[in-house]
Amino acid sequence: MAEFCVCRSDQPATALQKVIDFSCGDGADCSSILQGGGCYNPNTVAAHCSWAANSYYQNNKAKGATCDFGGAATISTADPSFSGCTFPSTASASGATGTTTVGGATTGTLSPGVGTGFNGTGMGGSGLGPAGTMDGAAAGLLPGVHPAAFLAAAILSLLALH
């Protein structure tokens with residue numbers, strides 16, 4: 001039976017956005033949820049989250065990845081695919097590209113519009129998501145740099161421009 005990693009509809013949009021940011025920055029093929037992609041609509045954080053989490057999970061489960069993402073996602077045996085958007089259930093079908101490109105240029109964090117629920121799924125799932133990297137990566141923080149030091153450097157850089 002096929003397994004899909006889907007985001008939980010009871011989670012806040014901020015938690016779901018972190019899943020998108022982590023997944024798309026660490027091996028998920030997120031080209032389908034970019035504007036013009038087959039899974040772009042509905043253009044909601046919840047819908048894009050399930051695509052990104054599933055792509056990441058399918059590409060990395062053979063390496064030990066799980067579908068949890070801090071409680072924001074869960075395993076479902078119900079196929080979340082819909083017209084024009086087929087969710088992969090294997091690594092080979094999910095397109096393991098590693099980075100997202102638009103017009104030949106590598107993109108940064110994907111930030112789709114905010115929306116509400118998509119494909120409400122049952123509770124359950126297994127294991128923990130990627131350990132120790134999701135929050136820092138998703139929040140856009142520089143590892144090893146104290147936020148106050150980063151802010152001070154940014155202010156000094158702005159002052160130097162004047």
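Student: Are C5 and C67 buried or exposed?

Tutor: Keep in mind that this is a predicted model. Buried here means a relative accessible area under 20%. Both C5 and C67 are buried.

Student: What do C5 and C67 form?

Tutor: In general, a disulfide is a covalent bond between the sulfur atoms of two cysteines. Here C5 and C67 form one, with their sulfur atoms 2.1 Å apart. The link is right-handed, with 85° about the S-S bond. It connects distant parts of the chain: C5 is in strand β1 (residues 4-7), while C67 is in the loop between α2 (45-60) and β2 (73-76), 62 residues apart.

Student: Which cysteine is joined to C7?

Tutor: C7 is joined to C49 by a disulfide, S to S 1.9 Å. C7 lies in strand β1 and C49 in helix α2, so this pair ties together parts 42 residues apart in sequence.

Student: Why is the disulfide of C7 and C49 called left-handed?

Tutor: Look at the torsion about the S-S bond. For C7 and C49 it is about -70°, so the disulfide is left-handed.

Student: Why do C7 and C49 count as buried?

Tutor: Compare each value with the cut-off, under 20%. C7 is buried because its relative accessible area is 3%. C49 is buried because its value is 0%.

Student: How far apart are the sulfur atoms of C24 and C30?

Tutor: They are 2.0 Å apart, and the two residues form a disulfide. The link of C24 and C30 is left-handed, with -95° about the S-S bond. C24 is buried, and C30 is buried as well.

Student: How many disulfides does a search of the whole structure find?

Tutor: The search finds four. To read the pattern, number the bonded cysteines of the chain in sequence order; the pairing is then 1-7, 2-6, 3-4, 5-8.

Student: Which residues touch the most other members of the largest nonpolar core?

Tutor: That core has 29 residues, and C5, C7, L16, V19, I33 and F69 touch the most other members. The elements giving two or more residues to the core are β1, α1 (13-25), α2 and β2. The largest share, eight residues, comes from α2.

Student: What is L16 in contact with, leaving aside its neighbours within four places in sequence?

Tutor: L16 is in contact with C7, R8, Q11, V45, A46, C49 and A72.

Conventions
Residues are numbered from 1 along each chain as its sequence is written. This is a predicted model: local features need pLDDT of at least 70, side-chain atom pairs count only at pLDDT 80 or more; totals for chains, interfaces and linings use all residues. Side-chain values use heavy atoms; hydrogens and water are left out. A disulfide is a pair of cysteine sulfur atoms within 2.5 Å. Helices (H or I, at least four residues) and strands (E, at least two) are DSSP runs, numbered from the N terminus. Buried means under 20% relative accessible area, exposed over 50%, partly exposed in between (1.4 Å probe, protein chains only). A nonpolar core is a set of buried Ala, Val, Leu, Ile, Met, Phe, Trp, Tyr and Cys residues joined through side-chain atoms within 4.5 Å. Contact means heavy atoms within 4.5 Å.
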